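Hi everyone, thanks for making time today. Please have a look at the model on the screen, and I'll talk you through what I found in it.

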Amino acid sequence: GIPLPSVGGLFASLSSLTQQGQKDVTPKSHEPRHQNTLFAPEHLSPDAERVLAITESYYDSVHLTLKTLVMNATFDEDTNPLTRDGPPNRLMQKLLRELDAVDVLMRMIRTPFERGLVPKWLNDPHDARLIKLRDLITLGYRVLKQMVKDNERNALALHAHIETIRSHLGCGMSCNITLREIFFDKR
């Protein structure tokens, strides 16, 4: 079967942050003191630290799941999920759409930035705290790219998240290829 539960488990853990007695669900990334900085501060908010801890604990299973999804979503000899770009596997695209994978992946991608992290911080290759999160988000965008490749229905589903994707441009998450694929060769 398709191993989406580990992605869903990561999302569920991240989402639980606001369900643990917090009444304020305002996205923490809108705090003005860190919004305009290119680098993460030395001390992160408790929610941001928790996001990184959850990412660390789920990293191996989610990374494997996302890599497997990229590999199964295309037909190609390339075994690197970040460069694999063969013809799309139409059955996999359909199955992922039916499993609502676009929304699950976009929640996984969006949630850390609703909990205190700033997208620009992921562009810093020297901040070891953010490497695994950036890897997972980059792979998430890669899965989304392959889902919408030559598939108008999936592209339309992802189009609903275009503002989130645009807010990640230039932040080291490789979302530009996903954004391009939404519109490439579509009517």
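Let me begin with one definition: buried means under 20% relative accessible area, exposed means over 50%, and partly exposed is in between, using a 1.4 Å probe and protein chains only. With that in hand, aspartate 100 is partly exposed, because its relative accessible area is 37%.

A word on the source. This is a predicted model, so local features need pLDDT of at least 70 and side-chain atom pairs count only at pLDDT 80 or more, while totals for chains, interfaces and linings use all residues. Residues are numbered from 1 along each chain as its sequence is written, and side-chain values use heavy atoms, with hydrogens and water left out.

Now the overall layout. The protein chain has nine helices and zero strands; here helices are DSSP runs of H or I with at least four residues, strands are runs of E with at least two, and both are numbered from the N terminus. Of its 187 residues, 50% count as buried. I call it a contact when heavy atoms lie within 4.5 Å. Taking contacts between residues at least 6 apart in sequence, 77% join residues at least 24 apart.

On to the core. By nonpolar core I mean a set of buried Ala, Val, Leu, Ile, Met, Phe, Trp, Tyr and Cys residues joined through side-chain atoms within 4.5 Å. The largest one here has 43 residues, and Leu117, Tyr141 and Leu144 have the most contacts inside it. Several helices supply at least two residues each, including α3 (46-72), α5 (101-114) and α6 (131-148). Which helix gives the largest share of this core? That is α6, with nine residues. As general background, nonpolar side chains in soluble globular proteins tend to be buried together.

Let's stay with α6. Because 15 of its 18 residues are buried, α6 is largely enclosed by the rest of the structure. Its end C-alpha atoms are 26 Å apart, which agrees with the 26 Å that 18 residues should span at 1.5 Å a residue; the expected span is 1.5 Å times one less than the number of residues.

How do α6 and α7 cross? Their axes come within 7 Å and cross at roughly 135 degrees. The axes are lines fitted to C-alpha atoms, for helices over the stretch in contact, with angles from 0 to 180 degrees between N-to-C directions. The pair is therefore oblique, given that under 35 degrees counts as roughly parallel, over 145 as roughly antiparallel, 65 to 115 as roughly perpendicular and the rest as oblique. Leu144, Met147 and Val148 of α6 meet Asn154, Ala155 and Leu158 of α7.

In the loop between these two helices sits lysine 149. Is lysine 149 buried or exposed? It counts as buried, because its relative accessibility is 11%. Leaving out residues up to four places away in sequence, lysine 149 touches Asp85, Gly86, Pro88, Arg90, Gln93 and Glu181.

Finally, some backbone angles. Aspartate 100, in the loop between α4 and α5, has a positive phi near 60 degrees without being a glycine. Serine 174 also has a positive phi, of about 55 degrees, and lies in the loop between α8 and α9.
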